[in-house]
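User: I'm new to this one and would like to go through it step by step. Can I put some questions to you while we look?

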4 protein chains.
Amino acid sequence: MSCNSFGTLFRVTTWGESHGPAIGCVVDGCPPQIPLTEKMIQPWLDLRRPGQSKFTTTRNEPDQVKILSGVFEGKTTGTPISLLIENTNQRSKDYSNIAQSYRPGHADIAYDLKYGIRDYRGGGRSSARETAMRVAAGAIARLILGDQIKIRGALVQIGDLKVNRDRWSWDEVKNNEFFCPDAEMVPQWQDYLTSIRKDGSSIGAVIEIIAEGVPAGLGAPIYGKLDSDLAQAMMSINAVKGVEIGEGFNAATLRGEENADPIYLNDGKLSFSSNHAGGILGGISTGQPINVRFAVKPTSSILIPQPSIDSEGNATDVITKGRHDPCVGIRAVPVGEAMMACTLADHWLRHRGQIGQFRSSILD
Amino acid sequence: MSCNSFGTLFRVTTWGESHGPAIGCVVDGCPPQIPLTEKMIQPWLDLRRPGQSKFTTTRNEPDQVKILSGVFEGKTTGTPISLLIENTNQRSKDYSNIAQSYRPGHADIAYDLKYGIRDYRGGGRSSARETAMRVAAGAIARLILGDQIKIRGALVQIGDLKVNRDRWSWDEVKNNEFFCPDAEMVPQWQDYLTSIRKDGSSIGAVIEIIAEGVPAGLGAPIYGKLDSDLAQAMMSINAVKGVEIGEGFNAATLRGEENADPIYLNDGKLSFSSNHAGGILGGISTGQPINVRFAVKPTSSILIPQPSIDSEGNATDVITKGRHDPCVGIRAVPVGEAMMACTLADHWLRHRGQIGQFRSSILD
Amino acid sequence: MSCNSFGTLFRVTTWGESHGPAIGCVVDGCPPQIPLTEKMIQPWLDLRRPGQSKFTTTRNEPDQVKILSGVFEGKTTGTPISLLIENTNQRSKDYSNIAQSYRPGHADIAYDLKYGIRDYRGGGRSSARETAMRVAAGAIARLILGDQIKIRGALVQIGDLKVNRDRWSWDEVKNNEFFCPDAEMVPQWQDYLTSIRKDGSSIGAVIEIIAEGVPAGLGAPIYGKLDSDLAQAMMSINAVKGVEIGEGFNAATLRGEENADPIYLNDGKLSFSSNHAGGILGGISTGQPINVRFAVKPTSSILIPQPSIDSEGNATDVITKGRHDPCVGIRAVPVGEAMMACTLADHWLRHRGQIGQFRSSILD
Amino acid sequence: MSCNSFGTLFRVTTWGESHGPAIGCVVDGCPPQIPLTEKMIQPWLDLRRPGQSKFTTTRNEPDQVKILSGVFEGKTTGTPISLLIENTNQRSKDYSNIAQSYRPGHADIAYDLKYGIRDYRGGGRSSARETAMRVAAGAIARLILGDQIKIRGALVQIGDLKVNRDRWSWDEVKNNEFFCPDAEMVPQWQDYLTSIRKDGSSIGAVIEIIAEGVPAGLGAPIYGKLDSDLAQAMMSINAVKGVEIGEGFNAATLRGEENADPIYLNDGKLSFSSNHAGGILGGISTGQPINVRFAVKPTSSILIPQPSIDSEGNATDVITKGRHDPCVGIRAVPVGEAMMACTLADHWLRHRGQIGQFRSSILD
């Protein structure tokens with residue numbers, strides 16, 4: 001019931017508050033002898049780093065990761081890897097006005113209801129700042145998975161504006177500040193988010209994460225299913241309200257023959273004519289690409305006054321100044337990738353434990 | 001990494017295959033001195049039981065539950081409760097034709113990919129039959145939660161046919177074979193499913209589960225969130241492909257001020273003007289109703305031939321005779337309720353462990 | 001915090017009370033494709049079975065194990081294995097006199113203190129009867145470990161009578177009713193236990209379990225150590241009050257140079273001149289035999305009156321009639337072997353998960 | 001299977017190597033609103049701190065603990081508490097001679113066997129330096145347990161020299177550099193250890209930890225027993241080879257009536273005439289003092305040459321210069337206390353989760 005850990009054999013425990021001296025994580029269970037340096041983690045953090053465009057928070061954190069343990073002469077040793085990022089650009093005074101009142105839609109009232117105390121500065125533990133450590137852990141998970149497994153994410157919807165899948169380009173994802181795979185959508189999103197930002201408001205989004213090259217056999221019935229662990233992983237990201245795999249909610253509208261993925265052998269290799277399943281059947285990977293989408297709500301930290309109460313119970317209107325993302329969904333893309341990487345790494349180690357190696361048969 | 005268990009303090013481990021001698025579960029962590037008899041579990045099983053209408057499988061299982069341990073003189077003792085249901089109405093010969101070939105969209109190929117062996121009779125471990133034990137465990141979870149927490153579910157969509165929420169009636173849910181809350185939708189679903197069944201096909205569905213009376217404070221940051229555990233719980237149900245909470249995917253289309261749930265005091269009691277959050281903020285319950293929806297795909301066991309291969313790799317068309325639900329979503333309603341009950345019971349015990357008791361303050 | 005489970009990747013959950021309808025366990029995580037039948041488990045149960053000599057309880061239980069799931073056509077499938085043994089020879093009326101009073105030194109008062117309720121018949125959950133399921137699970141663990149790992153146990157001390165290690169014979173262990181490795185000690189123990197039994201008393205014992213052929217590398221720092229998991233495993237057996245590994249408590253009296261195990265290569269194979277460490281260094285197996293001893297207290301169920309109270313708080317003298325072992329340590333031998341097997345199987349799977357395979361180097 | 005964590009609801013994860021930049025831990029599950037500052041942890045660390053007498057290592061570490069998260073305005077918030085101690089006095093060059101050879105009796109060969117890589121400097125992860133974080137976590141555990149639970153430890157044996165229990169004085173424990181409760185033994189130990197140190201050797205020891213004021217009801221059958229968790233906790237401390245509770249190994253020599261602890265009511269309060277059980281029956285605390293002893297082997301880092309091999313397999317004699325404790329058992333006293341505190345805190349929270357509160361009945 002360790003509430004700040006995820007994973008079993010590849011286990012990540014994060015700690016830290018938005019405005020404390022530092023945030024960090026402990027990665028336990030990483031196999032030994034994997035080359036690892038801070039430089040191999042930093043690029044992934046840079047992708048998530050705030051202050052990089054006008055569409056994300058202006059809090060400017062260098063987010064320099066330090067490795068404090070578990071690595072010797074540039075290689076993992078099998079012992080726990082401690083990662084730490086110092087907080088350098090806190091501006092806690094911004095939050096004085098919300099110290100004693102509750103942002104509607106924000107976690108702060110829930111923390112007070114549960115704990116009777118909260119570090120209100122910058123959202124404390126509930127800040128999206130914690131997700132930096134997920135990204136750092138995800139970088140290590142990618143090293144375990146190796147190059148044959150490719151995990152990529154994209155932003156596919158902001159508000160009602162959805163990308164056109166016919167124009168999907170992974171190259172384009174790297175070209176714009178939105179992780180948008182559809183070049184024609186980029187200017188529309190720019191205009192739309194500029195308007196949202198000027199209004200002092202925020203907007204929701206949908207992220208899609210795709211993992212290619214995942215071997216068949218990861219996951220296990222009935223409660224260690226790969227898809228249920230992915231659902232848990234994605235839903236644990238701040239502000240996520242929905243998760244779907246493959247056809248997702250659309251599967252509700254399909255008939256059995258529409259949703260089936262016909263099977264054939266292609267040069268002796270197991271193949272499927274379609275991928276409604278999103279790469280997972282019965283909780284176990286099939287070798288097809290794994291496809292997960294999740295919805296992020298608009299951040300509750302906005303400049304538009306919201307009716308609320310203070311901690312004395314008096315009615316008040318709340319405005320959140322601070323520095324916030326008008327669309328937190330943007331920076332959730334690398335976080336979603338990281339959660340996919342960590343979940344797959346964990347299941348890879350579990351599978352190897354129970355099965356010993358990937359089977360080689362006609363079905364491989 | 002116990003793959004067949006869920007929960008931490010209230011922990012359920014299920015076992016059994018569709019066509020084995022029995023299925024069962026062990027419920028570990030139930031508090032002592034709770035009155036419990038088989039008669040208190042059976043009604044919930046009867047709701048899920050197959051063979052009750054022409055829209056569910058005709059396999060006719062009495063599903064009589066036996067308590068084998070953990071209860072003494074009608075009360076729980078705090079020791080593990082072993083529940084067992086004998087399988088009585090297996091017709092394994094129905095499955096001889098799929099013993100060596102793979103149903104597209106079904107778990108059987110994934111099991112073979114992982115384990116290199118599977119009990120193909122009736123889907124073996126991947127059969128929805130396992131969910132009977134979830135319902136049994138859920139009945140015990142309800143006893144822990146007590147009467148003040150009301151957990152109810154309904155089927156809200158079959159194919160493209162969605163219920164009208166303005167006509168929602170919990171009484172109606174008990175009146176029809178669909179757990180449908182909208183009386184006017186019932187005949188439409190009857191016609192539609194009759195047609196699906198005649199075609200030898202199947203169809204997907206969406207289920208909604210609502211828990212009222214849940215105290216504030218259940219759940220915990222960051223990876224023991226109530227919503228991420230609910231996502232995992234629901235996604236672990238057979239055939240589920242998507243889970244959402246509160247506004248869910250619709251939150252992607254909302255602005256911050258639209259998605260906020262304004263807070264006020266009503267006679268000194270914490271209240272919210274709306275419930276876009278679905279009763280959970282920052283992973284912690286707020287006292288509002290908890291609202292979860294999940295999408296179920298159409299079963300892959302259909303009479304319409306699907307291109308596939310046999311275990312030798314030869315191309316073949318697969319038809320699944322057996323006895324299957326044209327819409328597995330119907331019987332998923334009591335299963336979803338059970339998963340909600342188990343998840344809440346687990347978090348209730350966890351919360352009591354860390355916090356000691358529910359706080360009493362202005363926020364309660 | 002599942003209190004009735006042990007192990008992580010190889011996970012055993014037991015249930016059942018001494019005088020309930022049955023006892024059982026669920027073995028989760030067993031790799032697939034391992035030949036398994038009831039006949040492969042039964043011989044191990046027969047070793048532990050009561051009623052086989054005048055020095056163990058006269059309760060005569062056939063202890064016939066049934067496999068209810070997880071095996072298909074004689075092989076494990078990777079899904080949970082449910083094992084069940086029916087209780088057939090309960091004589092609950094024997095216990096009416098202790099229903100309302102507490103045996104000094106027995107668990108029954110502790111159960112009442114914790115739960116406020118207990119199944120007093122035969123000790124309920126605290127009965128040594130539960131250990132039958134450990135033995136059954138251990139039989140499966142042995143199949144995972146394979147023939148190269150040999151796990152054997154012996155009784156090395158009853159009261160003050162210790163075996164002479166110079167006369168140690170594993171063959172002799174099978175020849176007598178005590179699992180005694182020293183043929184000359186057998187008649188002494190017979191006389192001594194006959195006298196204990198006639199007095200209506202009981203006596204403690206020490207058991208030694210040795211595992212040979214265990215590969216190097218099992219276990220992990222710092223809290224997943226093989227020795228700390230073995231300590232937990234052995235201490236969880238009923239009546240055990242002490243556990244030691246290698247030199248154990250005697251290590252307190254040794255100097256560094258006396259306790260060191262010099263290292264050398266023998267035909268290129270890593271070798272040690274001695275085994276004070278008991279096969280484990282830094283929590284990790286070294287390839288040497290693993291050597292664990294544990295002490296079992298005398299059973300508290302004796303015919304000699306003990307001052308106590310009843311549940312109303314009145315002073316009373318307690319005599320336990322029932323049918324009890326004058327030396328529970330005897331039947332603890334196969335139980336200790338089983339706990340060794342389960343612990344090693346679990347660590348073997350964990351190790352394979354993190355490391356992938358046993359390393360082959362000069363150190364292997 | 002998180003190998004560097006212990007506990008379930010009160011969960012401690014440690015990280016760090018002897019000669020890395022720092023060591024640390026994450027304490028997850030601490031209840032909120034507990035006053036906590038670095039000054040409340042430091043005194044416990046100072047007790048364990050090296051360099052305080054000529055009988056412990058001369059490595060002089062200030063061991064200043066920093067709290068990096070989980071505390072706000074001097075109180076715990078319920079979020080994970082990150083603690084960090086910088087390593088300041090490493091002298092890694094001392095270890096160049098053992099970089100490529102294996103100390104007999106030391107963990108370094110086991111790490112190489114498992115991981116194929118190790119941080120040899122100062123023992124890396126296997127160094128007793130890690131135990132500083134146990135002591136820090138233990139300080140927090142004590143705050144959870146409160147003043148009514150008193151946990152104290154003492155060194156009771158060095159080599160063959162055992163304290164006289166008739167002269168036991170807790171005040172004396174604080175008066176000498178050995179945590180020795182027997183004033184008359186102190187000069188004997190001083191002479192003996194001086195001689196051991198001059199020889200360049202080391203010696204084993206036995207530590208006893210006693211917890212008074214522990215409420216009845218902590219622990220749970222069958223695998224969440226308080227005694228088996230204590231055995232695991234103590235055996236996880238570096239160099240520990242044996243653990244016993246209450247009578248421990250001596251129980252093997254006792255008859256049932258000798259080992260029973262007669263029960264009576266004393267002014268309505270549950271009382272026992274003796275405490276052979278060490279405060280635990282059936283895995284559950286009874287309210288009596290809990291009494292655990294563990295044996296520590298002599299450190300393998302000695303100046304007396306030991307036959308061994310280097311990593312190329314060449315025979316070599318190993319001498320360990322470094323700075324080592326001639327009797328690591330001395331500094332194990334505060335570590336054992338900390339493990340007792342952490343285990344009790346975890347079980348206290350577990351118990352509160354399942355039972356809700358301590359029962360009040362005649363048995364309390």
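This is a predicted model: local features need pLDDT of at least 70, side-chain atom pairs count only at pLDDT 80 or more; totals for chains, interfaces and linings use all residues.

User: Through what do the copies meet?
Analyst: Contact here means heavy atoms within 4.5 Å. Of the interface residues of chain A, 100% are also interface residues in chain B, so the copies meet through the same surface.

User: What is the strand order of the open sheet of ten strands?
Analyst: Strands (E, at least two residues) and helices (H or I, at least four) are DSSP runs, numbered from the N terminus, and two strands pair if DSSP finds at least two bridges between them. The edge strands, each pairing on one side only, are β9 (161–162) of chain A and β9 of chain B. With antiparallel pairing, the order reads β9(A)-β8(A)-β10(A)-β16(A)-β11(A)-β11(B)-β16(B)-β10(B)-β8(B)-β9(B).

User: How many bridges join β10(A) to strand β16 of chain A?
Analyst: On one side, β10(A) runs antiparallel to strand β8 (residues 150–158) of chain A, joined by eight bridges; there A:Ile158 has A:Ala205 as its bridge partner. Towards β16(A), A:Ile209 stands opposite A:Val292. β10(A) and β16 (residues 290–296) of chain A also run antiparallel, and the number of bridges joining them is seven.

User: Is strand β10 of chain A largely enclosed or largely open?
Analyst: Buried means under 20% relative accessible area, exposed over 50%, and partly exposed in between (1.4 Å probe, protein chains only). Seven of the eight residues of β10 (residues 205–212) of chain A are buried, so the rest of the structure leaves this strand largely enclosed.

User: What area is buried between chain D and chain A?
Analyst: Buried area is the accessible area (1.4 Å probe) that two parts lose on being put together, summed over both. The contact takes 42 residues from chain D and 42 residues from chain A. Carbon and sulfur atoms give 65% of the buried area, which is about 3200 Å².

User: Which residues of chain D lose the most area to chain A?
Analyst: Together they make up 19% of what that side buries. They are D:Trp15, D:Phe72 and D:Ile117.

User: How many salt bridges are there between chain D and chain A?
Analyst: A salt bridge is a side-chain nitrogen of Lys or Arg within 4 Å of a carboxyl oxygen of Asp or Glu. Over all chains the count comes to 84 salt bridges. Between chain D and chain A, though, the count is zero.

User: Which element gives the most residues to the side of chain D that touches chain A?
Analyst: Elements giving two or more residues to that side include β3 (22–28), β7 (81–86) and α2 (108–115) of chain D. The one that gives the most, with five residues, is β2(D).

User: Which residue forms a salt bridge with B:Arg167?
Analyst: B:Arg167 counts as partly exposed at 29% relative accessibility. The closest N and O atoms are 2.7 Å apart, and the partner is B:Asp182.

User: Which residues are linked with A:Arg103 in a network of salt bridges?
Analyst: In chain C, C:Asp108 forms a salt bridge with C:Arg103 at 3.2 Å between the closest N and O atoms, and both residues are buried. In chain A, the network links A:Arg103 with A:Asp108, A:Asp112 and A:Arg118.

Technical notes. Residues are numbered from 1 along each chain as its sequence is written. Chains are lettered from A and ligands numbered from 1 in the order in which they are written. Side-chain values use heavy atoms; hydrogens and water are left out.
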